[in-house]
Amino acid sequence: MNPIPVTARQLGMLSCHDCHLLIEAPTGEAHDHLGCPRCGAPLHERKPNSLARTWALVCAAIILYIPANVLPMTVTTALGTTQADTIMSGVIYFIHSGSWEIAAVIFIASIFVPLLKLLILVILLTSVQLRSHWRPKDRTMLYRLTEMVGRWSMLDVYVVTILVALVKLGAVASIEAGPAAVYFAAVVVITMIAAESFDPRLIWDALEEDA
Ligand SMILES: [Zn+2]
């Protein structure tokens, strides 16, 4: 077993979330009204109400994920007939028309990745809530993964744009975004905020405090 290194919190220090300046925490006082002497950002030991906030955002994203997948994502009009497609029926359409690469990209970007991110956040939240000692390093890596994927979240939006462009190039059809697009954008944005509001140091706090 490696010895657990001493943390800033154990030494009574606070680190600024914005500029990472390390300052000595005043004793006994609530840190909430404290400002960073260098950049003025509010100082706190951990992101305030991280668990409650992240849970609320994750729940909202999971609820919105349902209409995003059930309602039509695209409404296509070709030769007088109108067809509404959900994300999944779009994927199936591309598989049937032989463009399995496009089908794979849409499936991964629009169904798999958002679901994976939500699942990881639920695992992290549950484990922190239960004060789990289970593989803290791996859990921190999972968190880093969601953060990394977060930067590519807008990929989903690009996929729809490319889809629209492809159909437009066909010139025989007109395509419009369906109501699911709004819900989908909300899922992407809310999941990004949820990942941001989670404080990964909470993963290690349980280990330190129970040590
Ligand atoms: Zn600062």
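Visitor: Which residues coordinate the zinc ion?

Guide: Four cysteines do, each through SG: Cys16, Cys19, Cys36 and Cys39. Their distances to the zinc ion run from 2.2 to 2.3 Å. Keep in mind that this is a predicted model.

Visitor: What is the geometry of the site of the zinc ion?

Guide: Start with the ideal. Four tetrahedral donors have an ideal angle of 109.5 degrees. Here the angles among the 4 donor atoms are 107 to 113°, and the site is tetrahedral.

Visitor: How are the donor residues spaced in sequence?

Guide: The pattern is C-x2-C-x16-C-x2-C.

Visitor: Is Cys16 buried or exposed?

Guide: Cys16 is buried, because its relative accessibility is 0% and the cut-off for buried is under 20%. Cys19 has a relative accessible area of 24%, so this residue counts as partly exposed.

Visitor: Now the nonpolar residues. Which have the most contacts inside the largest nonpolar core?

Guide: The general idea comes first. In soluble globular proteins, nonpolar side chains tend to be buried together. In this model, the largest nonpolar core holds 14 residues. Val58, Leu124, Val128, Phe198 and Ile203 have the most contacts inside that core.

Visitor: Which helices supply at least two residues each?

Guide: α1 (50-70), α3 (100-129), α6 (180-197) and α7 (201-210) do. The top contributor is α3, which gives 6 residues.

Visitor: What does Val128 touch, beyond residues up to four places away in sequence?

Guide: Val128 touches Leu51, Arg139, Phe198, Leu202 and Ile203.

Visitor: Which residues are in another core, apart from the largest one?

Guide: That other core has 13 residues, including Tyr65, Met73, Ala103 and Ile111.

Notes. Residues are numbered from 1 along each chain as its sequence is written. This is a predicted model: local features need pLDDT of at least 70, side-chain atom pairs count only at pLDDT 80 or more; totals for chains, interfaces and linings use all residues. Side-chain values use heavy atoms; hydrogens and water are left out. Donors are N, O and S atoms within 2.8 Å of the metal (3.2 Å for Na, K and Ca); water is not among the atoms, so sites may look incomplete. Four donors count as tetrahedral if all angles lie between 85 and 135 degrees; four count as square planar and six as octahedral if opposite donors are over 155 degrees apart and all others between 65 and 115; anything else is irregular. Buried means under 20% relative accessible area, exposed over 50%, partly exposed in between (1.4 Å probe, protein chains only). A nonpolar core is a set of buried Ala, Val, Leu, Ile, Met, Phe, Trp, Tyr and Cys residues joined through side-chain atoms within 4.5 Å. Helices (H or I, at least four residues) and strands (E, at least two) are DSSP runs, numbered from the N terminus. Contact means heavy atoms within 4.5 Å.
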